[in-house]
Amino acid sequence: MYNGSILRNLDAIQIQEYQQNRYPWFFVDFIEEVLPGKYARGYKNFTYNEWFFPPHFEHKPIVPGCILIESLVQVLLMTFLTLYETKGKVATDAKCQAVFKREIKPGDRMDIVANLDSYKRGIAKGNSSGYVGGELACKAEYIITVPEIMLRFRPRI
Amino acid sequence: MTNLEIYTDVFVRTFGVTKEQAKTLKYQEIEAWDSVGHMGLITALEETFGITMESDDIIDLSSFEKGRDIFKKYNIEI
């Protein structure tokens, strides 16, 4: 799986070595490629078996926006939780600005492309976009923290 | 611009305060200067002055005034 600095073809079990999200809050099926510190590409298949479809909504199931935001960020996490100092650590969102372009229904596969703009001292900035059938479905910009690292630099007061 | 003006401008841009507010600002005194905001401030200061700050200095920089003292270590008089 490891080829130089690029990671390829990570399945759900391997992805969980790098991030702490777990079922039912785990929304990446496969990571096709990661260049740590730079970018990640992966996808999520949304089947009708997902726990959120029956209540959202009974007669018109669509993926909730918060799940889309989480799917996008979980691919973005791979861009920096694959770095040596952060591997497997808990990461939390500090800021998110999202845009939704189309509804995502049971049977859709969302391809996700994430780019890391910067990572320093436990603060990551980046963006992530989701595509269905090659069409942009949603995108978001994030600031994410790795509290265990960031809080080492908190001022003394 | 003087170093003091440049230094002040970083606080103004990072936290959205006025120049006068910036000069007495302390960590956690405003909502924007929390632990995440602090990392944004440090990155902006490093990029603006072309330095890399040591961990102890990042932790010690708990106010506008304190930062002026710390910058002397980096041969920058503010």
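In chain B, buried residues are 26% of the 78 residues; a residue is buried if 20 or more other C-beta atoms lie within 10 Å of its own, exposed if 12 or fewer, and partly exposed in between, with C-beta atoms placed from the backbone. This is a predicted model, in which local features need pLDDT of at least 70 and side-chain atom pairs count only at pLDDT 80 or more, while totals for chains, interfaces and linings use all residues. Residues are numbered from 1 along each chain as its sequence is written, and chains are lettered from A and ligands numbered from 1 in the order in which they are written.

Chain B has five helices and zero strands. Helices here are DSSP runs of H or I with at least four residues, strands are runs of E with at least two, and both are numbered from the N terminus. The radius of gyration of chain B is 11 Å, close to the 12 Å from the globule rule for 78 residues, so chain B is as compact as a globular protein of that length. That radius is taken over C-alpha atoms, and the rule is 2.2 Å times the number of residues to the power 0.38. The C-alpha trace of chain B spans about 30 × 30 × 20 Å along its principal axes.

Next, helix packing in chain B. Helix 1 (residues 3-15) and helix 3 of chain B pack at an angle of about 145°, with axes 10 Å apart. The axes are lines fitted to C-alpha atoms, for helices over the stretch in contact, and angles run from 0 to 180 degrees between N-to-C directions. From helix 1 of chain B, B:Ile6, B:Val10, B:Arg13, B:Thr14 and B:Phe15 meet B:Gly37, B:Gly40, B:Leu41, B:Ala44, B:Leu45 and B:Thr48 of helix 3 of chain B. Contact between two residues requires C-beta atoms, placed from the backbone, within 7 Å.

Now the interface. How many residues of chain B are in contact with chain A? There are 13 from chain B, in contact with 13 residues of chain A. On the chain B side, helix 3 (35-49) and helix 4 (55-60) are the elements that give two or more residues. Helix 3 of chain B gives the largest share, five residues.

On to chain A, and its helix 2 (residues 65-80). At 1.5 Å a residue, its 16 residues should span 22 Å, and the end C-alpha atoms are 24 Å apart, which agrees; the expected span is 1.5 Å times one less than the number of residues. Twelve of the 16 residues are buried, so helix 2 of chain A is largely enclosed by the rest of the structure. The buried residues of helix 2 of chain A pack against strands of chain A including strand 3 (30-35), strand 4 (39-45) and strand 5 (92-100).

Last, the backbone. Most residues other than glycine have a negative phi, and most peptide bonds are trans. The bond from A:Tyr23 to A:Pro24 is cis, with omega near 5°, and A:Pro24 is in the loop between helix 1 (12-15) and strand 3 of chain A. The bond from A:His56 to A:Phe57 is also cis, with omega near -5°; A:Phe57 lies in the loop between strand 4 and helix 2 of chain A. A:Asn9 has a positive phi, near 55°, and counts as exposed because it has 11 C-beta neighbours inside 10 Å.
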